[in-house]
Amino acid sequence: TAAAPMLEVQDLRTFYGAVEALKGVSLHVDRGEIVTLIGANGAGKSTLLMSLCGDPRARSGRVLLEGEDITAMPTHQIIRRGVAQSPEGRRIFPRMTVLENLIMGAQAMGHDPAPELERVFALFPRLNERQAQRGGTLSGGEQQMLAIGRALMSKPRLLLLDEPSLGLAPLIARQIFAAIKALNESEGLTVLLVEQNANQALRLAHRGYVLVTGRITMSGTGAELLARPEIRDAYLGGG
Ligand code: ATP
């Protein structure tokens with residue numbers, strides 16, 4: 001329905017064997033929002049993003065995409081419904097070229113990749129210059145651009161980003177965040193962003209949630225969360 005949020009997560013529980021990685025997570029992302037999920041190592045951030053795509057599958061709870069229940073759908077159907085994920089560690093195909101990697105991102109959709117390619121190259125001119133280069137020989141920042149670009153190739157309604165700044169020099173990380181902001185502002189793309197780089201991520205986000213060992217403990221606007229002493233102490237190095 002028109003009133004339903006882009007993404008609504010209700011009481012999601014995900015296990016690895018006997019380990020409960022998500023202990024009843026509820027959150028929502030409205031259309032056109034950037035929402036950041038921050039949390040320490042092992043809090044369950046990656047598990048949440050992966051559970052939204054059905055792998056690993058949540059044991060209970062619900063995931064609604066614009067009101068449609070996608071909780072039990074196979075991953076490829078979730079992607080077809082407009083959810084794209086840029087995974088942690090930038091799992092690009094190292095032996096394939098930049099261009100081949102990008103084309104792969106459009107394949108699940110079966111549409112003509114040309115218009116999306118143009119958008120991705122406009123957003124990341126560096127990828128345009130390096131179309132013929134193998135993914136594995138790109139710099140860390142370029143690989144991250146490629147991972148995001150590949151996710152964009154499926155024309156997502158909702159982009160899930162797992163630690164896009166991980167391992168990048170500060171200047172490159174800022175460029176990646178600027179690109180995410182530009183996508184959101186120019187196209188209204190809805191983004192759920194997982195980050196340990198809480199400072200920049202909360203500055204970028206309209207709203208944020210804090211995940212602590214599988215539970216949401218706090219939420220608010222990016223500015224509200226940045227101002228909270230407990231966030232500063234735990235995630236911003238006291239600064
Ligand atoms: P990081 O930033 O370190 O990736 P995270 O917040 O993304 O952390 P997850 O990777 O989601 O956290 O891990 C959540 C919990 O689930 C951790 O305790 C982790 O050890 C556990 N876990 C993650 N993947 C598996 C797996 N494949 N098998 C068993 N346990 C797992």
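Two strands pair if DSSP finds at least two bridges between them. Keep that in mind for the hairpin of β4 and β5, which has 2 residues between its strands. Helices (H or I, at least four residues) and strands (E, at least two) are DSSP runs, numbered from the N terminus.

Some ground rules. This is a predicted model, where local features need pLDDT of at least 70, side-chain atom pairs count only at pLDDT 80 or more, and totals for chains, interfaces and linings use all residues. Residues are numbered from 1 along each chain as its sequence is written, and side-chain values use heavy atoms, with hydrogens and water left out.

Back to the hairpin. In its turn sits E66, with a positive phi of about 45 degrees. E66 is a residue other than glycine.

Across here rests on contact, meaning heavy atoms within 4.5 Å. Axes are lines fitted to C-alpha atoms, for helices over the stretch in contact, and angles run from 0 to 180 degrees between N-to-C directions.

D55 and P56 are joined in cis, with omega about 5 degrees. P56 belongs to the loop between α1 and β4.

Next, the ligand. How many residues surround the ligand? There are 13, and the closest are N41, G42, K45, S46 and T47. A residue is near if one of its heavy atoms lies within 4 Å. Helix α1 (residues 45–52) gives the largest share of this shell, 3 residues. By type, the shell divides into 4 nonpolar, 6 polar and 3 charged residues.

Polar contacts next: here, pairs of N or O atoms within 3.5 Å. The side chain of T47 places an N or O atom 2.5 Å from a ligand oxygen. For the side chain of N41, the distance to a ligand oxygen is 2.6 Å. A43 uses a backbone N or O atom, 3.1 Å from an oxygen of the ligand. The protein buries 59% of the 630 Å² that the ligand exposes when taken alone. Those areas come from the Shrake-Rupley method with a 1.4 Å probe.

Now the other sheet. It is open, with 6 strands in the order β6-β7-β8-β3-β9-β10 and mixed pairing. β6 (83–86) and β10 (215–221) each have a single partner strand, so one side of each is left without a neighbour in the sheet. From one strand to the next, the twist averages 15 degrees. Inside the sheet, 4 bridges join β3 (residues 34–38) to β9 (residues 207–212), and these two run parallel. T36 stands opposite G208 of β9.

Last stop, helix α6 (residues 140–152). It lies across β6 and β7 (158–162), at about 170 degrees to β6. In the loop between α6 and β7 we find K155. K155 is not a glycine, yet its phi is positive, about 50 degrees.

Note on methods. A polar contact is a pair of N or O atoms within 3.5 Å; within protein, one must be able to donate a hydrogen and the other to accept it, and residues adjacent in sequence count only if both atoms are side-chain atoms. Ala, Val, Leu, Ile, Met, Phe, Trp, Tyr, Cys and Pro count as nonpolar, Asp, Glu, Lys and Arg as charged, and the others, Gly among them, as polar.
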